[in-house]
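Please open the model in your viewer and keep the selection panel at hand.

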Amino acid sequence: MTRHAPVLAARGVTRRFGRVTALADATLEVHGGRVTCLLGDNGAGKSTLIKVLAGVHPPTEGRVEVDGRPVAFASPRDAQRHGIAVVYQDLAVIPLMSVWRNFFLGREPTVGRGPLRRLDTAGCRAATREALDAFAIRIDDVDRPLGTLSGGERQSVAIARAVHAGARALILDEPTAALGVRQSGLVLEHIRRVRDAGVGVLLVTHNPKDALAAGDAFVVLRQGRVVAAEAAPAGMGLARLVELMSGGGPQS
Amino acid sequence: MPGPSLSHRGPRALFALVRRPELGAAAGALLTWAFFAVIAGGPFLSLDGTAAYLNAAAPLGILAVAVALLMIAGEFDLSVGSVIGAASMLLMLLVAEAGWPLWPAIAATAAFCVLVGLGNGWLVVRTGLPSFIVTLATLFILRGLAIALTRAVTGRTQLGGLQDVPGYDAARLVFAADLGPFRVSILWWLAMAAVATWVLLRTRAGNWIFAAGGGADAARNLGVPVARVKVALFVATALAACLVAVVQAVRFTGADALRGEGQEFRAIIAAVIGGTLLTGGHGSAVGAVFGALIFGMVRQGIVLTGVDADWFQVILGAMLLGAVVFNEAARRGLAERGGDGSA
């Protein structure tokens, strides 16, 4: 099914901070149209891995690949230019700004030239509405401050924004961590829709239930090492995932 | 009030209010006007009375508009008052001691203010210290320098005689002309507010200003040049102070090293009364205009009603407190609903 090279991959990535090894020889693939779940307890190395993939830290050893070709990101901006986007848990949106201002923040379209160069506000509003409709995010008014939306809606808007900005690989950092059950369901549903649109999703979570609900493949990190990477959900039950994460696996 | 038909997200009237942060200040200005119209009557309502409070509001308004933009971006500039003093002394020293014609001296003073703004901005962005502290330091440094250097060079802290300098007549026309009882600085004030509103609501830079104050980390993640935005706004506040310095020096044909004392706080108060959040991320230039207008009306109104002018400060303090409480309630309504996922 996945003959193509992965959109985004880590190959044998090790990352040290001084003498501390945060990540050791980690390999992971993110394929277009699939949700890869990155699981692990706090401190397992999840954050380090996504920061390497997002261009925040260069790997100490190993390499990052985009479409099968090795890349060395100079910065997060550079990674974004390669189509890699990260939606951080609580640093994704600006609550006091309207939905459409958030949606186009940092890539605002303009009309006119010279001193009359101005925001294409009508275009922004229409495009935001269209993009949200396309992902079935129901928001009555794109002029509302984003902070008045529910937590799940906020995450969904942030995800839709990254896809609209051209992300081909989307790294989601604990998108459901701060949410209740119903709101989590909303976000997971939205993630599946993004996947079906062909985007490669890396879902970082420490909640195995959420992972099973949305994931096509599972990578489990423990103490900086990949302890399991399994593709099919067949046989990947909740009990097995929890076991792998907590370290009581049958192989140990 | 919220009935069962309204969503859990709160009444729409609140959104309308917080979406337009200047509405509260506009209502406040109207109330203030009505109050003094009744209490002070004719003298307040006359053309001269109207001109008096607009003239008083203009210099503060020029500062408040720039300060509001900076506050929306999440920073304070306490140095604007002393920049007025330092800029007007520099201007006077250049023309009186160095013998420069007025216009080159104005250009050099503006360049000096750009440097002050760049310095403030660079220090804040580079050190990550609160701008409150950094610009409190520059407040004292510039005020001290203005007094010490002027005294060292001239033996005085007040300089006059600007009317004899080449270029004065043209400068008078631009910065200190009178249109009947109205001063031209009112036009500068309104023009600045118009430009600031345009920038804030209709340009990319405006979007970045809101983002810099509303969530600097999120903005940076999305590629917004937060540091550059802030530095540019520190330059804007310093240039606004420069404009006030030039307007006043030309009008009074001289300057005093102490000029502008306390203006930094009045500008912040005007911005806050205008609906700008102390914590950044929300506010408007039009609100700052109304904030300054309220200032001017209270000041003139008190004089006209014969109340002891000492009460002016009490009223200001009370208005500031009221505005902050109101703004904070609005902000909470805007930012903290629905975040718990308990829909």
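How many salt bridges does the rule find across the interface of chain B and chain A? The rule, a side-chain nitrogen of Lys or Arg within 4 Å of a carboxyl oxygen of Asp or Glu, finds 1 there. Select B:Arg204 and A:Glu108: their side chains form a salt bridge, at 3.1 Å from N to O.

This is a predicted model, in which local features need pLDDT of at least 70 and side-chain atom pairs count only at pLDDT 80 or more, while totals for chains, interfaces and linings use all residues. Residues are numbered from 1 along each chain as its sequence is written, chains are lettered from A and ligands numbered from 1 in the order in which they are written, and side-chain values use heavy atoms, with hydrogens and water left out.

Next, display both chains. In contact (heavy atoms within 4.5 Å) are 36 residues of chain B and 37 residues of chain A. Between them the chains bury about 3,100 Å², of which 54% is on carbon and sulfur atoms; buried area is the accessible area (1.4 Å probe) lost by two parts on being put together, summed over both.

Now colour chain B by pLDDT, the predictor's confidence in each residue from 0 to 100. Its mean is 87, and 91% of the residues of chain B reach 70 or more. Over residues 1-10 of chain B the pLDDT is below 50, and this stretch has 11 contacts beyond near neighbours in sequence. Residues 337-343 of chain B also stay under 50, with 19 contacts beyond four places in sequence.
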